[in-house]
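Dear colleague,

Please follow each residue in the viewer as it comes up.

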Amino acid sequence: VSTQSTWGTCQTAAPTAESLGLPMKIEPAIWEAREQEAPEVAEEFLALLGEHTPIMVPQMPETTELYNQRWATMPQLLTDYLLQRREHTAIFTHASITCGLNCFLGGLPHDEVPGIYPCSITKLVADPTSGTGWRLDYSASTKHLTVSSQDAYIGAKSNYWRSFFKKRHNARTADETWSKMQSYS
C-alpha cells in the first residue's frame, strides 16, 4: 500500500492497509505537485508504516520545472520498482498524479483521461505487450462509493497537463513523448 504522506491520503490508505494486514509505504515520487516542503506523516499513522526505500525524492521546494523533471523519470522508476517486486500495489495519491499515471503508464492521451473524482479508483495491470508496460483496466471508477462528489479533476482542462504536452512535446500521449521526455531529463 503506497501513499503520499499527506493526512488525507494516509487516512484513506490506512483502512486498506489494516484490512489487508500490510504496511503503508510512503512514496515521495507520488507526492502532490509542486510542494514547498516535504509533507510529514501524521503521528497517528506512524505505526502503520513499513520499511521502504523511496524510488525518488523530489527536490524541495518543487517548481514546475522540477515537477516536469519528476515526470520525465518517475514512470519508468515506478514501473521498474513494481515489476521487480512482482506484487500488487495499491497507490493512494491526488488527482494530478493519477492523471499523469493514466497518461504515462495507462497510455491515455491527456485529453481523454476521464474526470478523476475524490476517492475514485484507477486500475493499471502490468502488460509487457503494451508500449508503456501497462494496460489501463479502468480509470476513475466510483462504483465502490455510496456517495460521490460532483467535483472532478479534468486532465484536459488542467493548465499543467495541457502545457506539459503541448508546449514541451506537441503531443497528446505519453507514447509519443517518451523519448523526448528521456532527453528532457
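This is a predicted model: local features need pLDDT of at least 70, side-chain atom pairs count only at pLDDT 80 or more; totals for chains, interfaces and linings use all residues.

A disulfide is a covalent bond between the sulfur atoms of two cysteines, and a search of the whole structure finds zero of them. For C103, the closest cysteine sulfur belongs to C99 and lies 4.5 Å away, which is too far for a bond, because a disulfide requires the two sulfur atoms to be within 2.5 Å. C103 is buried, with a relative accessible area of 0%, whereas C119 counts as partly exposed at 49%.

The serine is S139, which belongs to strand β5, spanning residues 134-141. S139 has a relative accessible area of 17% and is therefore buried, since the cut-off for that word is under 20%. Its side chain makes a polar contact of 2.9 Å with the side chain of N102. Leaving aside residues up to four places away in sequence, S139 touches N102, P114, I121 and T122.

Finally, there is an open sheet of three strands, in the order β2-β1-β3 and with parallel pairing. Strands β2 (25-26) and β3 (91-92) stand at the edges with a single partner strand each, so one side of each has no neighbour in the sheet. Strand β1 (residues 2-3) runs parallel to β3 and is joined to β3 by two bridges, and T3 stands opposite F92 in β3.

Notes:
Residues are numbered from 1 along each chain as its sequence is written. Side-chain values use heavy atoms; hydrogens and water are left out. Buried means under 20% relative accessible area, exposed over 50%, partly exposed in between (1.4 Å probe, protein chains only). Helices (H or I, at least four residues) and strands (E, at least two) are DSSP runs, numbered from the N terminus. A polar contact is a pair of N or O atoms within 3.5 Å; within protein, one must be able to donate a hydrogen and the other to accept it, and residues adjacent in sequence count only if both atoms are side-chain atoms. Contact means heavy atoms within 4.5 Å. Two strands pair if DSSP finds at least two bridges between them.
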